[in-house]
Each structure stands twice: as C-alpha cells, then as structure tokens.
Amino acid sequence: MIVPRQIVRKMIGSGKYTINCLMLRTIVAIFAFLTATVVANKVPNPNYADALTKSILFFEGQRSGKLPPNQRMTWRKDSALLDGADKGVDLVGGYYDAGDNMKFHFPMAFTTTMLAWSVEQFKSSMGPDLQHAMEAIRWSTDYFLKATNIPNVVYAQVGDAEGDHNCWERPEDMDTPRTAFAVTAQAPGSEVSAEIAAALAAASIVFKPTDPTYARSLVNRAVQVFGFADKYRGSYNDSIGPWVCPFYCNYNGYNDELLWAAAWLLRATKKPMYWNYVKQNIINFKSDMESGLSEFGWDAKHAGISVLISKFVLGKPLNEKPFLPYADTFVCSVLPESPTNTVRYTEGGLMYKSGICNMQNPTALSFLLLTYARYMKSRVIRCGNIDITQKTLIRFARSQVNYILGKNPMNMSYMVGFGTKFPQSIHHRGASLPSIDQHPEKIGCKEGTQYFLSENPNPNLHIGAVVGGPDFKDYFADSRPNSAQSEPATYVNAPLVGLLAYFKAHP
C-alpha cells in the first residue's frame, strides 16, 4: 500500500529578488540535468524490448482471484476467492495495488486507464507483448464490470486496510477481513466512479478492433457509471473515508475525474455531448484545473485532461483554448531547462517530488510528455525564452526511462529482474514469503514477520516490478521495511508500458 503525498507548493522569493531566485533555481536544475545526461550518454541505451516484456509480466504477479491456465508468474496461486461474499456479490478478480493484499479501486482504475492509453498509443510497437498487455487490461475491466453491475452502486474497495497491514502473509493465505465497500446515490464517490468510467471507456477503444462486442459492453457501462458519478456528486472521502484514508484519500477533489472520464468518453464515442461537457466544465472547474496543471497520477488528472484533449483541438484555433495553453503550461512546469519549472531533480537527473513512491511521477509525467510530443509534431512550445520541440520532450522522457533502467549514479535498475543489478528485497508480501510450491503449509498473520524482517533476498522474483526508487540524493536502500523506496505499485508500471513500447521502436 502506497501512502499518498500531500501536494506541496512553494513560492520562492518576492519583489526584485524573485527573478534572481528563479534564475538560480533554473541554472541549478539545468546543470544537474545536463551533467546527468552527459554521464548517461556514455552508457549504451538499455534493452527496451526486454524491459517492456517484463513491465507487463509484473501485472500477473499482482492478480487477485482465480488465476488462468496461462499464468506465467507461477509462484502466485489463486487468492481471495470469496471477495464480495459479505455483500452477496461477486468481486473475485482485479489487482492488488502494491505490496499488500488490498484492492483499492481508485488507483486500480487509473492503472487500467493508463494501460489502455499505452496500448492505444503504442500497440504497433509492442509485437508479441501486445496480447499480454491486452490480457492485463481485460483482467481489470472484467473485474470492473462486476464492481459496477448494480445501477447506482459502485464498489470502491475490497479489504480492511488496517487489518491487512497488521499482517505479513501471502495473498493465498490471508484471513484478514475482506469487507467490500461501495459508493451509492446516498453516499457518493464521484472520483472513484468517474475513474472507473474512464478506464472502461479507454479500454473499449483498445478492444474495438478485435472484440467489438466486448468493447461495446465496456463503453455502455462507462456511460452508465459516468452518469452516476456526475449526477450524484460527492467525494468518497466523505462516504467511505475511514476505510480508504489515509491510503488513497482524494486530495484534489473529483472535478478532474469528471472531466477526465468525459474526455475518454468523447474519445470512445465521438459524441458531441461529451465535447460540450468538457468545454463547459473546463470553464466551470477553472480554479481546480489551474491549481494542478503540473499534476498527473492516480489522484490528479489535470495535466492528463489537457494532453488527451489536445489531440482533438490541435490545428483548430477556435477550440484550442484553454486546452493547449494548459498543456503547454504543464510542459513548462516539468522540463528542467524551463524558467518556470516547478519540479525538482536529483543530481542524477531523476524527476523528484516529495512523498512516497516517487517513481510514479517520472513514469506518469514522462508518458504525458511523450504523448504530447507525438500529438504536437512540428509545433514549438515557448517556455519563457526557451523553445521546446517534439525532440526535446522525447529526449527528456527517454532520460527518465533510462534512469529507471540503470543509467543512474548507483548503476542500478529499479525494475526487478532487469539488468544485472536490481532490488532484491522489495516490500511485497507475496514475493518475500516462500511460495506455496516451496512451503505448502499456511503462513499465518504474524508468522510472516520473520520474513519481513529478514535481510535475505526475496525468495520469489517479482519480475518487472518497479519500486519507489532512490531518495533525493540518488541513494537507494534495498530494504524491505523501507516501503517508500522498495514497494512497487501497479500505477507506476502502467504508463511505463507505453514509454517502453515507444523506445523499443525508437532505440
């Protein structure tokens, strides 16, 4: 379970000193980034094809439910086969979000949306990995069809986080409460419902060419769930907050998720009603949007909305505002050479934001930058006195991917099983405990503590898992108890799949 960070913003300087402080910060950022780039360029680019295969394989290790015959991550077995029984519904399946045995549907839905976007954008570069990527998406969408099967009811979580986190046990053994929590018309949850709608709509685009019947069922359910999210507005913080917080509280409100879902429904259906919804509400939600233009992740969709819509409005001056200015502002807030940059970088060149599981930031934001680069083509973005081109964005995204895969001060790949040096003791229950094949007897709640505290490497290699990553000084402690650095999460890998597919084709 990744504990989310609070968004912290600082204003540097005032009056005549503001420019000097900003200039100094910009110079330092550029120097650090260019130094890291020069060093990194001495090392050959990593094997993106191998990393792509492994980044998708990771999702099989996160599966919950009855595993299929073609399961490749064989140290995992069936688990949580009675999920939903306490409410008389079938909630078997889906994904565990990170290193625990919880199913949090808000980040699971974002993971699904990003996997679908990765495939929609880069499927032509995926080769034999495309089928596995689509299986990863369908594992989730099949589950969300179950979770939204009752009108005006959306299941938002399965499991008691406090009970789960009090134990260190395999998902196959878990005996902690598997309570199912739902949002309803009386107790709404617009953010989680809208994100599920976005995931279903995005996935429908992926499946339409090969399975139009399934795609139609996805988009029809997306329409229904979005209508519920929009009609019964409210945050799940207020409905089921004691169970989702502080783990996956919504810190950014739900307006961004409503816009995000409408944008994906526009993409999936091409219906004018969704374009009208986005155009009108981008104005209605202006203060929300402008407060988070550099944010993108499971909790904040602001930058993603602008980039997603930019594909529709590029070359159409009457429709470009405010989407292109917002997308450009996002670019200028992220790139280290921009005078309006708001993101810190380590000396090794990694994007770094305060909080837990930093690696979710470089993967998600780099995906947006790469996607925007493909949309903008020859267009030039002006960040102060700096011109930003398509090549600039692609080069930056590559630098972040390369860092993750080993071109960094520790010469360490932060993807398990990739390269010769990678994390051995990740914060992950299933990977750190002996598999059922090796230890058929049950390992109880507290019996797993000895494995948690052990300094030995994990007995099961969770291939493809990308961990939280190094600290601001580019140092990584390969320590299981240090969840901030050593825990993987599905929403870290999902956008990375798209990045790796692109760079596989453009090595």
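# A guided tour, stop by stop

Asn152 is partly exposed, with a relative accessible area of 37%. Keep in mind that this is a predicted model. Select Asn152 to begin. Asn152 sits in the loop between helix H4 (129–147) and strand E2 (153–158). Check its backbone: phi is near 65°, a positive value in a residue that is not glycine. Most residues other than glycine have a negative phi, and most peptide bonds are trans.

**Stop two: another positive phi**

Go to Lys377. Lys377 also has a positive phi, about 55°, and is not a glycine. Look for Lys377 in the loop between helix H15 (360–376) and strand E6 (381–383). Is Lys377 buried or exposed? Its relative accessibility is 58%, so Lys377 counts as exposed.

**Stop three: cis peptide bonds**

Now select Cys245 and Pro246. The peptide bond joining Cys245 and Pro246 is cis, with omega about 0°. Pro246 belongs to the loop between H8 and H9.

Next, pick Lys321 and Pro322. A cis bond runs from Lys321 to Pro322, and its omega is near 0°. Pro322 lies in the loop between helix H13 (317–320) and helix H14 (323–334).

**Stop four: aromatic rings**

Show the side chains of Phe, Tyr and Trp. The structure holds 30 aromatic pairs. For one of them, select Tyr248 and Tyr491. Their ring centres are 6.1 Å apart and their planes meet at 90°, so this pair is edge-to-face. Tyr248 lies in the loop between helix H8 (236–244) and H9, while Tyr491 lies in helix H20 (residues 490–505), so the pair ties together parts that are 243 residues apart in sequence. Tyr248 has 0% relative accessibility and counts as buried. Tyr491 is buried too, with a relative accessible area of 2%. The cut-off for buried is under 20%.

Then select an aromatic cluster. Its members are Tyr48, Phe110, Trp117, Phe122, Trp260, Trp264, Phe296, Phe367, Tyr502 and Phe503.

**Stop five: an arginine over two rings**

Centre the view on Arg138. Which ring faces does Arg138 lie over? One is the face of Phe207, with Arg138 at 5.9 Å from the ring centre. The other is the face of Tyr214, where Arg138 is 3.6 Å from the ring centre.

**Stop six: helix H6**

Colour H6, which covers residues 190–207. H6 has 18 residues. From first C-alpha to last, H6 reaches 26 Å, close to the 26 Å expected at 1.5 Å a residue. How many of its residues are buried? The count is 18 of 18, so H6 is mostly covered.

**Stop seven: the second largest pocket**

Rolling a probe the size of a water molecule over the atoms shows where empty space is left. Here, turn to the second largest pocket, with a volume of about 240 Å³. To see its lining, select Glu120, Ser204, Ile205, Lys208, Pro212, Ala215, Arg216, Val219, Arg267, Ala268, Lys270 and Phe312. Helix H6 (190–207), helix H7 (212–231) and helix H9 (255–269) each give two or more residues to this lining. Which element gives the largest share? H7 does, with 4 residues.

Finish by colouring the lining of this second largest pocket by class. There are 6 nonpolar, 1 polar and 5 charged residues.

Key. Residues are numbered from 1 along each chain as its sequence is written. This is a predicted model: local features need pLDDT of at least 70, side-chain atom pairs count only at pLDDT 80 or more; totals for chains, interfaces and linings use all residues. Side-chain values use heavy atoms; hydrogens and water are left out. On a 1 Å grid over the protein atoms alone, a cavity is a set of points where a 1.4 Å probe fits but cannot get out, and a pocket is an open set with protein on both sides within 12 Å along at least five of seven lines; lining residues have an atom within 4 Å of a point. Grid points are joined across faces, edges and corners, and a volume is the space filled by probe spheres set on the points. Ala, Val, Leu, Ile, Met, Phe, Trp, Tyr, Cys and Pro count as nonpolar, Asp, Glu, Lys and Arg as charged, and the others, Gly among them, as polar. The expected span of a helix is 1.5 Å times one less than its number of residues. Buried means under 20% relative accessible area, exposed over 50%, partly exposed in between (1.4 Å probe, protein chains only). Rings of Phe, Tyr and Trp (its six-membered ring) pair if their centres lie within 6.5 Å; planes under 30 degrees apart count as stacked, over 60 as edge-to-face and the rest as tilted. A charge sits over a ring if NZ of Lys or CZ of Arg is within 6 Å of the ring centre and within 35 degrees of the ring normal.
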